[in-house]
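Please look over the structure below. A short report on its local features follows.

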Amino acid sequence: MFGSFLFANLNNAYRVNCWNKLGVKMGNNCRISCLSLSPESYLIELGDNVVIAQNTKLITHEGSICIFHKENPYLDLYGRIKIGNNTFIGMNCLILPKTTIGNNCIIGAGSVVRGNIPDNSVVIGNPAQVVMNTDRYRTKVFSNPVLGEYRLLKKEEKKQMLLDKIHN
């Protein structure tokens, strides 16, 4: 728990450097907030501008093969994970082996993803399913009355603006 807290509070450049040292092939401008990687992290590839939120796990091995270890105790099964450019993966997701996520995708919090996710998809659920494309999601986001430019505001200004917008 304490290690998770420390890692989560390190700067992004340090986390990205750690993932690179573990063998993850990573594009430019990635933001990594999660800790959990399979030991076979060299099977993971991230494009440019990928954001991975906290508590997400990327798993490259098929653990269920253990039920066949009586027949052959040396069996293992692995699969690559490839995440395309400009993709966001929400908190608490599980990305399973043999998964390819396309460019410009949004993976909703708590999703369990396996297989091929096409470009420009918004995906949610367990098992994860495409629920819309990113053009439709953009329309929903830009019509939301709480949408605003909050990043440059001071903490109290942001608080007041959000409370005003949400209560109206």
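Cysteine 66 is partly exposed, with a relative accessible area of 45%. Here buried means under 20% relative accessible area, exposed over 50%, and partly exposed in between (1.4 Å probe, protein chains only). Cysteine 18 is also partly exposed, at 21%. The whole structure contains zero disulfides, a disulfide being a pair of cysteine sulfur atoms within 2.5 Å. For cysteine 18, the nearest cysteine sulfur belongs to cysteine 34 and is 12 Å away.

This is a predicted model: local features need pLDDT of at least 70, side-chain atom pairs count only at pLDDT 80 or more, and totals for chains, interfaces and linings use all residues. Residues are numbered from 1 along each chain as its sequence is written, and side-chain values use heavy atoms, with hydrogens and water left out.

Next comes helix α2, residues 12-21. Helices (H or I, at least four residues) and strands (E, at least two) are DSSP runs, numbered from the N terminus. The buried residues of α2 are Arg15, Val16 and Trp19. Seen down the axis, they fall within an arc of 100 degrees, so they line one face of the helix. The arc is that of the directions from the helix axis to the C-beta atoms. An α-helix has 3.6 residues a turn, so residues three or four places apart point the same way. Exposed Ala13 and Lys21 sit on the face of α2 turned away from the buried side. Asparagine 11 caps the N-terminal end of α2, with a side-chain oxygen 3.2 Å from the backbone nitrogen of alanine 13. After α2 comes glycine 23, with a positive phi near 105 degrees.

| Residue | Phi | Loop | Relative accessibility |
|---|---|---|---|
| Asparagine 49 | about 60 degrees | between β4 (44-46) and β5 (51-52) | 32% |

Most residues other than glycine have a negative phi, and most peptide bonds are trans. A cis peptide bond joins asparagine 126 and proline 127, with omega about 0 degrees. Proline 127 lies in the loop between β12 (121-125) and β13 (128-133).

Last, the largest pocket. It holds about 750 Å³ of space. Its lining has 21 residues, and Phe88, Ile106, Tyr137, Val141 and Arg151 lie nearest its centre. Helix α3 (residues 134-142) gives the largest share of that lining, six residues. On a 1 Å grid over the protein atoms alone, a pocket is an open set of points where a 1.4 Å probe fits, with protein on both sides within 12 Å along at least five of seven lines; lining residues have an atom within 4 Å of a point.

Terms used. Points joined across faces, edges and corners; volume = space filled by probe spheres on them. Polar contact = N/O pair within 3.5 Å; in protein donor to acceptor, adjacent residues only side chain to side chain.
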